[in-house]
Amino acid sequence: MKRLKFSKEACIGCQLCAQACSAMHEGEYSLSKARIGISSYYDKGKELKYLDAYCTLCGICAKNCPEGAIEFGDSLALDSGKCTGCGTCGPACPRSVIKYFNEKPLLCDTCGGAPVCVEICPHGALKYE
Amino acid sequence: MQGYQNSVLRVDLSSKEYTSEPLQMEWARKYIGSKGLAIKYLYEELAPKTDPFSAENKLVLMTGPLTGTVVPCSGKLAIASKSPATGTISDASIGGHSAVRLKYAGYDAAIFEGKLPAPGYVVIRNDKVEFKDAAHLWGKGAHETEGLLSAEYGHGAGILCIGPAGENLVGMACINSDYYRQAGRGGLGAVMGSKNVKAIVVIGDGGVKIPNIEKATRRFIEIMKEDCLQEDNTFVYDCGTTAFLEACNDGGILPYKNFSDATDENWVKYNGDVLLASKAGKRGCASCALGCGNFLKIGDATVEGPEYESISAFGPNAGVSDPEAIAKANEIADDMGLDTISAGDVISWAMEMTEKGVHDFGIKFGDAAKYQEYLKLMAKREGVGADLALGVKGASEKYGGEGFALHVKGLEYPQYEPRGSWGMSLAYAVSDRGACHMRAYAPNEEVFAASIPPYTPEGKGQMVYGLAVHNAIKFSLCVCDFWATLEKGMMAELVSLVTGEEWTEEDMNAVGERVINIARAFNQREGFSRKDDTIPGRLVAEALKSGPAAGQKIPQEAFEDMLDQYYGILGWDENGMVPGSIIDTL
């Protein structure tokens with residue numbers, strides 16, 4: 001199964017991945033509505049650090065969903081009809097990837113197997129393989 | 001037009017009140033955003049002769065329609081005000097993440113008016129603004145300040161802050177963001193300091209919508225790969241602007257010992273190969289595709305860059321060839337909140353003053369240790385630093401040495417020697433904020449590509465005009481200068497895609513010329529004219545001694561010829577005045 005892979009050595013912290021993700025899924029360039037959260041920052045100006053919240057398709061969110069609303073196969077899919085917005089999946093995600101919009105979780109669907117975050121990543125920090 | 005938030009945040013620091021108002025969309029149609037639109041607001045809102053340090057001066061943060069989108073290299077923020085260094089309009093383009101955060105907070109712009117009653121900082125959190133006490137931050141370096149604010153507001157916040165130089169109203173004080181990015185020139189940090197604003201923190205949780213966003217995003221990715229990420233631009237990922245060092249030395253335009261010559265035989269000691277061997281990471285700005293930032297740890301210095309300008313100012317132009325000392329000076333200047341170009345030039349001038357016996361500033365060429373101490377003294381206006389904080393114009397008026405004081409309108413010279421690139425003397429002279437290499441950059445044509453003969457006034461008016469129009473558009477979008485291959489036709493396409501309205505290359509040209517004219521009209525209203533479009537005496541009187549431009553100096557009549565050409569193309573009169581018929585259209 002293909003998964004997202006991230007190499008911080010090639011990341012410049014531009015956040016184009018998150019901006020493109022929210023554009024394609026929510027119709028808006030927005031970091032808070034993205035299904036990926038990769039960034040870098042200077043810790044007190046002295047160390048370059050990275051936040052690497054991206055979905056590795058571990059499936060823990062699906063396993064923890066009390067309603068069985070998350071379908072887990074080659075990617076994640078939300079059954080909005082079943083989802084009650086209980087907020088269980090987000091805290092369960094070991095990489096803190098899942099944000100909520102209108103009380104529903106924003107799950108990485110790998111853009112149907114051609115993730116736009118990978119396509120836009122300018123220096124190949126994100127791969128899907 | 002779409003692509004805008006159609007909202008301007010107006011912050012009254014004196015009363016600690018804030019309002020939002022619709023963006024003047026008819027102005028946006030004429031100036032697009034960022035540089036041009038910020039200048040338009042200030043032209044309309046600042047009374048002539050406003051004291052730059054008075055509460056009546058305003059500080060404008062302006063984004064553009066591309067800000068917050070995935071247009072590559074669109075994450076820069078224009079900051080503009082009336083400059084305390086020059087008395088002209090002054091806008092700077094700062095990197096980092098603040099522009100995108102401001103747009104995502106819901107604003108195209110934030111305009112700061114008045115003055116806080118006591119040192120404070122301002123937090124823009126989406127549609128709310130908070131005014132905070134900064135007693136615990138005042139006096140601290142920019143790096144420590146940003147670290148403390150990041151700890152409190154998170155690494156996702158955009159932070160703009162000043163160092164001691166801004167607090168002490170030093171005319172070469174910059175605004176810092178992301179630790180190592182600056183709105184460097186013209187003393188914008190001192191304007192912030194005069195308003196008692198230590199920092200501006202921006203938290204933006206919203207977003208930006210544009211028409212047909214999926215299709216547009218696909219096109220932006222295509223443009224990024226086909227145009228932006230090509231070799232002519234990606235060298236900045238590999239080596240930042242350190243690459244210019246070799247090119248400028250080979251071309252005979254690398255300033256040496258206060259512009260007394262234009263090559264340095266020691267350049268290999270501090271070139272990109274040496275500095276980047278200490279690279280500890282890479283970082284770009286928000287929405288950046290290129291990633292010019294090289295995070296270095298060298299000696300006891302931690303710095304991003306160093307940029308060519310800072311290397312040259314603290315290196316060859318100061319007679320220093322120790323890479324660790326150059327990087328350390330860069331770190332100290334950033335932390336103190338000093339523009340590296342102006343701070344570097346004034347110390348190099350003081351070194352020459354001392355060596356020539358005109359006035360003893362206690363520092364000579366090559367004195368790297370004292371150099372670092374002098375930067376701190378300047379930021380605090382202590383001891384000899386109080387005089388140097390006047391800048392080369394102010395200090396040379398007090399102590400002499402005006403013939404080798406390299407500035408225009410009080411803004412110190414960037415690190416490109418015009419005797420090897422005559423068009424650059426014109427570009428510096430007519431730049432809207434004093435001597436600036438970002439308004440029109442001649443060395444590409446005259447030296448690196450060598451497509452135009454460098455040692456002649458012929459054709460230089462047209463060349464500088466074309467370059468200036470191009471950059472005026474680019475900085476009004478606002479797109480980073482490092483996307484160097486971006487042509488006007490593509491700029492028109494980008495603006496069309498985000499606004500949903502058809503823009504043509506002709507429209508872009510009209511915007512560019514309008515931006516040049518309104519900046520000139522602003523300065524004209526302040527009393528500036530041809531008499532202020534000057535060339536430093538050294539460039540006219542002294543020939544270069546080494547390099548391909550050895551023997552070159554710029555005759556005064558050649559310089560005047562270039563001015564005449566430039567004024568003529570823009571329809572200005574022989575005194576460089578914008579006629580009323582043009583002003584009426586701005």
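The following conversation goes through a predicted model and asks how some of its descriptions are reached.

User: How do you know how confident the predictor is in chain B?

Analyst: The confidence in each residue is given as pLDDT, on a scale from 0 to 100, and the mean for chain B is 98, while 100% of its residues reach 70 or more. For the complex, the predictor gives an ipTM of 0.98 and a pTM of 0.98.

User: Why is helix α17 of chain B described as largely enclosed?

Analyst: A residue is buried if 20 or more other C-beta atoms lie within 10 Å of its own. In helix α17, which runs over residues 422–430 of chain B, nine of the nine residues are buried, so the helix is largely enclosed by the rest of the structure. Among these buried residues are B:W422, B:M424, B:L426 and B:Y428, and what covers them includes α18 (443–448), α19 and α23 (556–570) of chain B.

User: Why is B:K49 called exposed, whereas B:N6 is called partly exposed?

Analyst: A residue is exposed if it has 12 or fewer such neighbours, buried if it has 20 or more, and partly exposed in between. B:K49 has 10 C-beta neighbours inside 10 Å, and therefore counts as exposed; B:N6 has 17, and therefore counts as partly exposed. B:K49 lies in the loop between α2 (34–45) and β3 (59–62) of chain B, and B:N6 is found in the segment before β1 (8–12) of chain B. Each has a positive phi without being a glycine, about 55 degrees for B:N6 and near 70 degrees for B:K49.

User: What makes up the largest nonpolar core?

Analyst: This core has 245 residues, and those with the most contacts inside it are A:C17, B:I79, B:L338 and B:L375. Helix α19 of chain B, residues 460–477, supplies the largest share of the core, with nine residues. Leaving aside residues up to four places away in sequence, B:L375 touches residues including B:A329, B:I332 and B:L338.

User: Which residues make up the contact between domain 1 and domain 2 of chain B?

Analyst: The domain assignment places domain 1 at 8–203 and domain 2 at 233–400, and 26 Å separate their centres, taken over C-alpha atoms. Their contact takes 33 residues from domain 1 and 26 residues from domain 2. On the domain 1 side, α3 (98–104), α4 and α5 (164–167) of chain B each give two or more residues, and α5 gives the most, with three.

User: Which peptide bonds of chain B are described as cis, and where are they?

Analyst: A cis bond joins B:G305 and B:P306, with omega about -20 degrees, and B:P306 has its place in the loop between β15 (301–304) and α11 (308–314) of chain B. The bond from B:L477 to B:C478 is also cis, with omega near 5 degrees, and B:C478 is in the loop between α19 and α20 (488–499) of chain B.

Key: Residues numbered from 1 in each chain as written. Chains lettered and ligands numbered in written order. Predicted model: local features only at pLDDT ≥ 70, side-chain atom pairs only at ≥ 80, totals over all residues. Core = buried A, V, L, I, M, F, W, Y, C linked by C-beta atoms within 7 Å. Helix = DSSP H or I, 4+ residues; strand = E, 2+ residues; numbered from the N terminus. Contact = placed C-beta atoms within 7 Å. Domains from an automatic or database assignment.
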